[in-house]
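Please read the following report alongside the sequence and the coordinates.

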Amino acid sequence: MDELNRRGAARDDAVLQFGLRSFGVTLVIVAPLMVAFAWFNMVHRLGLPLRLDVFIGPILVAVLTSAAVAALNTLHFVRIHSIEQTKLRELNETQIEVIVTLSEVAESRCGETGAHIKRVAEYCRLLAELAGLPAEKVFLITSAAPLHDIGKVGTPDHILLKPGKLTAEEYLVMQEHAEIGYRVLAKSTKPILQTAATIARNHHEKWDGSGYPQRLRGEAIAIEGRIVAVADVFDALGTERVYKKAWTIEQIRAHFSEQAGRHFDPRLVQLFLENFDRFDAIRKQYAA
Ligand SMILES: [Fe+2]
Ligand SMILES: [Fe+2]
């Protein structure tokens, strides 16, 4: 949470500064009025004639000066705030770009494209929103999802690129990518990479406990992993590969209905099927 804490502290500092300055400005306005009030009071008690013109000039100057200082303060505050926002946006964009680039490197080893990364991230965003997750969590899942197969950098070429069916032993080596990805990413304390570590480890778990690497079952599988499982499989089925054609919409829907409660979280499947057109629109939008 370092990044979020730092952002919060910077924002609080700016607000505090603005508050202190505004307080100073208020004093500048109030002080002359109090002096004027005291003077009127004294003149009245002594029975001297009132000379308003003596006061109007200085009070006017004080009020105008205060107004100018307040305006400058506000401009300064707005400037600081917008510089801070720009820097944060750039930092965020750089972060996402690094993640996407890294993911593309890993995925390109097994013939996946940048479009696959983009589609999976967008399916995850939509499914996380539909599942009612808070905005911060939706952001983390969307940003971290592209790294789900980063552990494949540790899978030997002769297994990763093997055209035919894997032997039982090769399949076990292949499965290690989930744990490798987790170990690499879990070293970081940053929320996006922590989420990515969880996704790497959980995206091949199955709702009925028959997945890997930990054979977790039901809600013991992190929601991030359950969401990516739906997104990744939908993308694999819905797009054409060198070795297969894309499945038809009917075939895809039938597969998810059948696998609800087996491979996938049934509630997520229900949301996915109820909103299928929206997922399909993303598939068409980011077609490779
Ligand atoms: Fe995977
Ligand atoms: Fe993938």
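Where is Ala229 found? Ala229 is found in helix 8, where helices (H or I, at least four residues) and strands (E, at least two) are DSSP runs numbered from the N terminus. The model is a predicted one, in which local features need pLDDT of at least 70 and side-chain atom pairs count only at pLDDT 80 or more, while totals for chains, interfaces and linings use all residues. Residues are numbered from 1 along each chain as its sequence is written, and chains are lettered from A and ligands numbered from 1 in the order in which they are written.

Ala229 is buried, because 25 other C-beta atoms lie within 10 Å; a residue is buried if 20 or more other C-beta atoms lie within 10 Å of its own, exposed if 12 or fewer, and partly exposed in between, with C-beta atoms placed from the backbone. Leaving aside residues up to four places away in sequence, Ala229 touches His203 and Phe264, a contact being two residues whose C-beta atoms, placed from the backbone, lie within 7 Å. The C-alpha atoms of Ala229 and His263 are separated by 8.6 Å, although these residues are 34 apart along the chain.

The chain has 11 helices and zero strands, and buried residues make up 27% of its 288 residues. Among contacts with a separation of 6 or more, 67% join residues 24 or more positions apart.

**Helix packing**

Two helix pairs are set out below, with axes fitted as lines to C-alpha atoms, for helices over the stretch in contact, and angles running from 0 to 180 degrees between N-to-C directions.

| Pair | Residues | Angle | Axes |
|---|---|---|---|
| Helix 3 and helix 11 | 114-130 and 276-285 | roughly 160 degrees | within 10 Å |
| Helix 9 and helix 10 | 249-259 and 266-274 | about 160 degrees | 9 Å apart |

The angle makes helix 3 roughly antiparallel to helix 11, and helix 9 and helix 10 are therefore roughly antiparallel to each other; angles under 35 degrees count as roughly parallel, over 145 as roughly antiparallel, 65 to 115 as roughly perpendicular and the rest as oblique. The contact between helix 3 and helix 11 is made by Arg119, Glu122, Tyr123 and Leu126 of helix 3 and by Arg278, Phe279, Ile282 and Arg283 of helix 11. Helix 9 contributes Arg253, Phe256 and Ser257 to its contact with helix 10, which in turn contributes Val269, Phe272 and Leu273.

**The loop between helix 7 and helix 8**

Pro213 lies in the loop between helix 7 (191-202) and helix 8 (223-238), and a cis peptide bond joins Tyr212 and Pro213, with omega about 5 degrees. Arg215 is placed in the loop between helix 7 and helix 8 as well, and its phi is near 50 degrees, a positive value in a residue other than glycine. Most residues other than glycine have a negative phi, and most peptide bonds are trans. Arg215 counts as partly exposed, because it has 13 C-beta neighbours inside 10 Å.
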